[in-house]
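Hello,

Here is the structure we talked about passing on. My notes follow below it.

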Amino acid sequence: MAQYTKNGKTVTADDGKDHHLHSEYQPGKSWDTDEFVASNSPITVPYKYAGLFLTYTMLVGFGLSIMLAIIFRFEETTYTHCRVANYFPSTSAAIATTPSAYVWRLVICLCSLPRLLFVLYCYHFYINVSCQLRYYRGLCHLCFIAEMLENLSLIGLSCISSDDNYDIHEILFISFQVGAMLHMILMCIVFKMATTRYDDVRSDTGIFKRKGALQRKMFFCVMNILAFLISIYFFFRHQNRCEPGVYSLFAIFEYLVVLTNVLFHEDTWKDFSNRCIIYGGRAHNKLMTE
C-alpha cells in the first residue's frame with residue numbers, strides 16, 4: 001500500500017504493484033516545474049544546490065591541488081627536461097604528486113557519480129523535447145556520447161597519473177579534452193535548437209527562461225577552446241626552444257581550460273535549478289500541468 005498526492009488529494013493505492021519513478025508529459029503543458037511526492041521519507045536535493053556543490057568542490061579541489069604542489073613539491077612539479085626556470089606546475093604534474101593527488105582523487109570520488117547521473121538526466125530531458133528540426137535527435141545522441149567520454153576520461157586520468165603511466169595518462173587527457181570540446185559545441189547547438197522550438201511555442205516555458213543562457217555557454221565554450229589551443233602552442237614552444245617561463249605559460253592556460261570547463265558545466269546545471277533530485281523511497285514523479 002502506498003500513498004501519493006494527486007490534485008491536492010491523498011490517494012491510496014493497493015494494487016499489489018510497485019510504483020516506480022515515472023514521468024508524464026502532455027502536449028501544451030508546462031515543462032518548468034516537477035512535482036515530486038514519495039513515500040518512505042526520501043531526501044530531496046534541489047538541482048541548484050547539487051550544482052553549486054559540484055562546482056565549488058571541483059574549483060576548490062583543483063585550486064588546492066595546485067597550491068599544495070607549489071608549496072610542498074615545487075622543484076619536482078616544475079622540473080622539465082630543459083632544466084630552465086619555471087614557476088607553475090602543469091595540472092598533470094600537480095595531481096601526480098602527494099598530497100595534491102589525495103585531494104584531487106577525493107574530489108573525483110565525490111563528484112563523479114553525480115556528474116554521470118546528470119549526464120543521463122540531461123540526455124533524457126533533451127531527447128524528449130518535441131523538436132522537429134533536422135538532426136536534433138542525432139545531435140542529442142552525440143552530445144551524450146561526448147559528455148560520457150569526457151567524464152570517464154577524467155576519472156581515468158585522475159586514477160592513472162603521469163607518474164604511474166605517462167602514455168595512458170596522455171591518451172586519457174587527450175580523450176578528455178576532445179570529449180569536453182565536442183560536448184560543449186554540441187550542447188550549444190542542441191540548446192539552441194531546443195530553445196528555438198520553445199521560442200516558437202511558449203517563450204517563457206521551462207528551463208529556457210534563463211536570460212543569456214546560450215550566450216554564456218558559447219562564451220565558456222569559445223574561451224575553453226582558445227585556452228586549449230594557446231596552451232598547446234606554449235607546450236610545443238617549450239619543447240622546441242626551452243625558454244625560461246614558457247612552460248609556466250602553458251600551465252596557466254591549462255588552468256584556464258579547467259576553469260572554463262567547470263563553469264560551462266555549472267551553467268548547464270543551472271538550467272535545471274527549478275528541479276529536484278530524490279534519494280530513497282519509492283517516488284512518483286509527475287510534471288505539473290498548470
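The torsion about the S-S bond of C82 and C242 is about -55°, so this disulfide is left-handed. A disulfide here is a pair of cysteine sulfur atoms within 2.5 Å. The S to S distance for C82 and C242 is 1.9 Å. By this rule the count is one disulfide. It ties together distant parts of the chain, 160 residues apart: C82 sits in the loop between α2 (74–78) and α3, and C242 in the loop between α7 (213–241) and α8. Helices are DSSP runs (H or I, at least four residues), numbered from the N terminus.

Before you go further, the ground rules. This is a predicted model, where local features need pLDDT of at least 70 and side-chain atom pairs count only at pLDDT 80 or more, while totals for chains, interfaces and linings use all residues. Residues are numbered from 1 along each chain as its sequence is written, and side-chain values use heavy atoms, with hydrogens and water left out.

**Cysteines**

C82 is buried at 14% relative accessible area. C242 is partly exposed at 27%. The cut-offs: buried is under 20%, exposed over 50%, partly exposed in between (1.4 Å probe, protein chains only). C131 is in no disulfide; its nearest cysteine sulfur, in C140, is 8.0 Å away. C131 is buried, at 10%. The sulfur of C221 is 4.8 Å from that of C188, its closest, which is too far for a bond. C221 is buried too, at 7%.

**Cavities**

A cavity is a set of points on a 1 Å grid, over the protein atoms alone, where a 1.4 Å probe fits but cannot get out; lining residues have an atom within 4 Å of a point. Points are joined across faces, edges and corners, and a volume is the space filled by probe spheres set on them.

The whole structure holds three cavities of 30 Å³ or more.

α4, α5 and α6 each supply at least two of its lining residues.

**S153**

S153 lies in helix α5. It is buried, at 4%. Its side chain makes a 2.7 Å polar contact with that of S175. (A polar contact is a pair of N or O atoms within 3.5 Å; within protein, one must be able to donate a hydrogen and the other to accept it, and residues adjacent in sequence count only if both atoms are side-chain atoms.)

Best wishes

Definitions and conventions:
On a 1 Å grid over the protein atoms alone, a cavity is a set of points where a 1.4 Å probe fits but cannot get out, and a pocket is an open set with protein on both sides within 12 Å along at least five of seven lines; lining residues have an atom within 4 Å of a point.
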